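Trainee: I am new to this structure. Please take me through one part of it closely.

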Amino acid sequence: YYKSVGRNATLILGLTPDNTGLLPEADVQRLKEFGEEIKRRFEAPMASTSGNGKLLQLYFSKEQKVNQFVLQENIANGHRVKNFEIQALIAGRWKTVAEGSAIGNKYIRVLKEPVLTKRLRLKITDAFALPQITKFSAYLIDAEDVR
């Protein structure tokens, strides 16, 4: 999921129906578990925002550990972001914790180590047109969950 959907690609599961035209029950159960796990991880971000422009910020009421980000563009109007940085305010200074070259429908970024911060920002450093970000979200997900 992280290396396909999380990189603006299609997830191909390779499932085929049995001779009755249905998916085998074991496959259906695994798909249900897979969907529940995705929902568990991403349904409740620590903070989330959206907006147009080259700078979006997230604020926490107190310092929080963060290790994952989900970004999404309004691709109905075309892919616009060429390059971006995710920055965290650490010890009073903005530090780039992640960089990327495209967002598209969905971009998931996992940090090797969590950062402790009270503020985050998405800084678009190059774009084809005015960026339209439909989601900039932050999460703390157990590193054991990311495979």
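Trainee: Which residue forms a salt bridge with glutamate 33, and how far apart are the closest N and O atoms?

Mentor: Keep in mind that this is a predicted model. Glutamate 33 pairs with arginine 30, and the closest N and O atoms are 2.4 Å apart. Both residues lie in helix α1. They sit three residues apart, about one turn of the helix. Arginine 30 is exposed, because its relative accessibility is 57% and the cut-off is over 50%. Glutamate 33 is partly exposed, at 30%.

Stay on the helix. Glutamate 37 and arginine 41 also meet in a salt bridge, at 2.8 Å from N to O. Here the spacing in helix α1 is four residues, again about one turn. Glutamate 37 is partly exposed, with a relative accessible area of 26%. Arginine 41 has 12%, so it counts as buried, the limit being under 20%.

The structure holds four salt bridges. Lysine 82 bridges to aspartate 126, with the closest N and O atoms 4.0 Å apart. Lysine 82 belongs to strand β3 and aspartate 126 to strand β5, so this pair ties together parts 44 residues apart in sequence. Lysine 82 is partly exposed at 28%. Aspartate 126 is partly exposed too, at 30%. Back on the glutamate 37 side, salt bridges with shared partners join Glu37, Arg40 and Arg41 into one network.

Now turn to the rings. The structure holds six aromatic pairs.

Phenylalanine 42 has another partner, tyrosine 139. Their centres are 5.3 Å apart and their planes are at 85°, so this pair is edge-to-face. Tyrosine 139 lies in strand β6, so the contact ties helix α1 to a part 97 residues away in sequence. Tyrosine 139 is buried, with a relative accessible area of 1%. Step back and you see one aromatic cluster: Tyr1, Tyr2, Phe34, Phe42 and Tyr139.

Charges meet rings as well. Arginine 7 lies over the face of tyrosine 107, 4.9 Å from the ring centre. The charged end of arginine 121 sits over the ring of tryptophan 94, 4.1 Å from its centre.

Terms used: Residues are numbered from 1 along each chain as its sequence is written. This is a predicted model: local features need pLDDT of at least 70, side-chain atom pairs count only at pLDDT 80 or more; totals for chains, interfaces and linings use all residues. Side-chain values use heavy atoms; hydrogens and water are left out. Rings of Phe, Tyr and Trp (its six-membered ring) pair if their centres lie within 6.5 Å; planes under 30 degrees apart count as stacked, over 60 as edge-to-face and the rest as tilted. Helices (H or I, at least four residues) and strands (E, at least two) are DSSP runs, numbered from the N terminus. Buried means under 20% relative accessible area, exposed over 50%, partly exposed in between (1.4 Å probe, protein chains only). A charge sits over a ring if NZ of Lys or CZ of Arg is within 6 Å of the ring centre and within 35 degrees of the ring normal. A salt bridge is a side-chain nitrogen of Lys or Arg within 4 Å of a carboxyl oxygen of Asp or Glu.
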